[in-house]
Amino acid sequence: MKTMAMRREVQSQAGRSATAPAAHATSAAILNTGVLFAGGLLDARRVPDIQDSDLAGWKKALQALHALRVGTVVPGHGPASSSELIATVERYLAQLESKVRTLVSSGASLLGVAEAGELPEYEGWDQYDVIHRRNASGAFLRFERELMFK
């Protein structure tokens with residue numbers, strides 16, 4: 001995994017584009033009409049998959065998206081949404097990190113993380129039962145490794 005900040009926006013005839021090699025997919029494009037095609041940076045009503053991502057880089061990329069003036073976001077999965085989708089995905093990632101870091105620091109076992117790491121606010125999202133459980137387990141291993149090798 002490489003930690004890279006979101007690259008500067010590049011002007012093109014279609015609008016602006018940016019890459020963020022930190023998330024599930026690595027690029028987004030903004031049309032001059034204020035539409036953001038977010039690719040894998042954002043999913044609407046679907047649990048984002050952190051499996052191959054750099055969480056710190058993804059969070060930086062989402063912060064950079066806040067600075068863009070977009071009215072409509074076309075996510076990688078799910079229906080077109082408002083720019084509030086950026087904050088929604090940020091909130092999921094922050095809650096996942098907080099919950100799992102608490103489990104790691106309390107000495108929880110990986111065996112119970114899928115259940116103990118539940119986030120009821122997102123239970124209605126597509127792929128919650130599969131992807132969220134995997135996210136919780138994967139994040140647990142990452143954070144546990146961080147703690148061990150500090």
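1. Strand 4 (35–43) and strand 5 (residues 72–77) run parallel and are joined by five bridges; two strands pair if DSSP finds at least two bridges between them. V35, for instance, has T72 in strand 5 as its bridge partner. Strands here are DSSP runs of E with at least two residues, helices runs of H or I with at least four, numbered from the N terminus.

2. A word on the source: this is a predicted model, where local features need pLDDT of at least 70, side-chain atom pairs count only at pLDDT 80 or more, and totals for chains, interfaces and linings use all residues. Residues are numbered from 1 along each chain as its sequence is written, and side-chain values use heavy atoms, leaving out hydrogens and water.

3. Strand 4 is mostly covered, with seven of its nine residues buried (under 20% relative accessible area, 1.4 Å probe, protein chains only).

4. Now to helix 1 (55–66). Its buried residues are L55, G57, W58, A61, L62 and L65.

5. Do look at R46, in the loop between strand 4 and helix 1. R46 is buried, at 17% relative accessible area. Leaving aside residues up to four places away in sequence, R46 touches H77, W125, D126, Q127 and I131 (heavy atoms within 4.5 Å).

Terms used
Buried < 20%, exposed > 50% of the residue type's maximum accessible area, 1.4 Å probe, protein only.
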